[in-house]
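Q: I am new to this structure and would like to learn how to read it. Please show it to me before we start.

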Amino acid sequence: MRQDVWKKAARDLVYMQGQWALWVVGIMILIYAALQLFSREPDLEAMSAAAFVFQGATIFMLVCGILSCYGFLPMLISFGLTRRHYFLATAVSALVLSALMMAGAAVLSVVFSLAFGFGTGGALAFAESASLLQVPVYVLIIYVYFLAGWLISLGFYRWRMWGGFPAIAAALLLMAAMEYVWNFNTPQPFFTFLSDMNQLPAAGLALTVTLLLAAGVTYGIRAASAAVPVKVK
Amino acid sequence: MSHIQADHLSAAYKKERVLHDVTFTLSGERIYGLIGRNGAGKTTLLSLLASYRRPDGGTLLMDGTDPFEDASCMASTVFMYEKDYSDEQDSARVLLKLAARYRPAFDLDYALSLAETFDFPLDKPMHKLSTGKQAAVNVTLGLAARAPLTIFDEIYTGMDAPTRDQFYKELLAEQERHPRTVILSTHLVSEMDYLFDEVLMIDDGQLLLHEPTDQLLERGFSVTGPAGAVEQFAEGRRVLSEQTLGGVKSVTIFEELTAKDTAAAYENGLEIGPVGLQDLFIQLTGKGAGVS
């Protein structure tokens, strides 16, 4: 059925980006293992492999999002798919890829924790604040990072710098919102000013905000890409 | 695609209008030549047909359906242009297999046989291929897709002359085996004119003419002879160009030649000659075209 062609495209996108993701996860795991063996930094010792991979995965997904409109949109349109197919395939493949990356990292986390005692804060802990940070939340957040990249990609692709720079601002706000609602205390200096602000207290509220932002941005991307002209070059 | 109807199409990039008021109908599985100078609006028109962009005005229907974002129409259209493969790590084989996954009628075996015909490597990354070999891959992707509407936008310009010749032969053979609507955009008019069943000539964003090739060629002729007699013959006719050498003058006229005209010309010692599509194209789209 032609209507299902987007599922085929989604599988292909997962496969293509999954190959890159394997490298990213592999390298992150090697670095993690080396740090666990040789570093005496308490935060790092407490951190699980999943939490460590998660940090690299956010940047990886951001980059995948940025590449999307320039790589995958023209490719799929040239194979006779519609923009709607492209949107569905990209959104679903990003979610699946996020889930696969974090599921793989979680399995490795448990193995490292049980076999070598890595990650003293817990098998899936992020430093000391382990209570809220479970794999589904990791998945959702790295998907939001993908959306941030996708937003930038679409902004530049459709409106050049007039859309690109506002899209960068919107993406930064989106990422800052993630930092704020999930209080990751990541080492990115741009966001440190938020660490003194009152943090949102409940995981439920954080999850709700994240879901609303993800849904809103996903909808916005669909609206902006529904009739996007495809460049002939 | 058996019926394409474009009605007062227009397109603009920002404030610059690149196509205006273009109206035509393509009926039947034929080969159409879209010819025009650089920047005339050929690629923009083809982008509209391939749903790469939406018209800013007018309507476009394919078999009665607006093709933009229509899954069936877009799957039935293949649009090949000179793509930038400078960052493409995948090989031609990967691209052909991908096309076979998505294109309903793509014939992978035929595509692989074309790889031999055009002699391009299947397993080298695309960015390492020469421009001519990349063009051959594009041609292969277009031909093997067997899409009801197949559009080639000047992708053959990077090919060398023997490969272009192979492409023309292959196109005709393929059209015989699997007829479809083919649109060839080009400014290599002289070597491709025999391929076209019909010609659409575009200039400065407007459609100058759309006619069957044979009828169009019948409308253009040259008249050579004594200057005075030529001027008398040409009076009141659409003269596209004129040249004078000493007392001899030659003009190109764009008008149907009747038997009476021919007889009158011979009586006055004038010589009537044919004009090729290339000359008509140059003279119809050149500066000062159709001044008299």
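Q: Is A:W20 buried or exposed, or partly exposed?

A: First, the conventions. This is a predicted model, in which local features need pLDDT of at least 70, side-chain atom pairs count only at pLDDT 80 or more, and totals for chains, interfaces and linings use all residues. Residues are numbered from 1 along each chain as its sequence is written, chains are lettered from A and ligands numbered from 1 in the order in which they are written, and side-chain values use heavy atoms, with hydrogens and water left out. Buried means under 20% relative accessible area, exposed means over 50%, and partly exposed lies in between (1.4 Å probe, protein chains only). A:W20 has a relative accessible area of 37%, so A:W20 is partly exposed.

Q: Which residues make the nonpolar surface patch with A:W20?

A: A patch is made of residues with over 30% relative accessible area and no salt bridge; nonpolar side chains (Val, Leu, Ile, Met, Phe, Trp, Tyr) are joined within 5 Å, like charges within 9 Å. Here A:W20, A:I59, A:V63 and A:L67 make a patch of about 340 Å². A:W20 sits in helix α1 (residues 5-38) of chain A, while helix α3 (residues 49-78) of chain A gives the largest share, three residues. Helices are DSSP runs (H or I, at least four residues), as are strands (E, at least two), numbered from the N terminus.

Q: Where does UniProt place the feature "transmembrane region" in chain A?

A: UniProt positions are given in the numbering used here, and annotations may be inferred rather than shown by experiment. An unreviewed UniProt entry places this feature at several spans of chain A, among them residues 20-38 and 85-115. Residues 20-38 of chain A are 100% helix and 0% strand, with end C-alpha atoms 27 Å apart. Residues 85-115 of chain A are also 100% helix and 0% strand, and their end C-alpha atoms lie 44 Å apart.

Q: What does UniProt list for residues 4-229 of chain B?

A: The unreviewed entry gives "domain: ABC transporter" for that span. Residues 4-229 of chain B are 36% helix and 31% strand.

Q: How many residues does the contact take from chain A and from chain B?

A: The size of an interface is often given as the accessible area lost when the parts come together. In this model the contact (heavy atoms within 4.5 Å) takes 25 residues from chain A and 24 residues from chain B. The area buried between the two chains is about 2,100 Å², and carbon and sulfur atoms give 59% of that area.

Q: How many salt bridges does the rule find across the interface of chain A and chain B?

A: Side chains of opposite charge can pair when their charged atoms come close. The rule asks for a side-chain nitrogen of Lys or Arg within 4 Å of a carboxyl oxygen of Asp or Glu. Across the interface there are two salt bridges, including A:D12 with B:R101 at 2.9 Å, N to O.

Q: Which parts of chain B does the pair B:E154 and B:K42 tie together?

A: The closest N and O atoms of B:E154 and B:K42 are 3.9 Å apart, and the two form a salt bridge. B:E154 lies in the loop between β6 (149-153) and α6 (161-177) and B:K42 in helix α1 (residues 42-49) of chain B, so the pair ties together parts that are 112 residues apart in sequence. Both B:E154 and B:K42 are buried.

Key
Accessible areas come from the Shrake-Rupley method with a 1.4 Å probe; for residues, only the protein chains shown count as cover. Buried area is the accessible area (1.4 Å probe) that two parts lose on being put together, summed over both.
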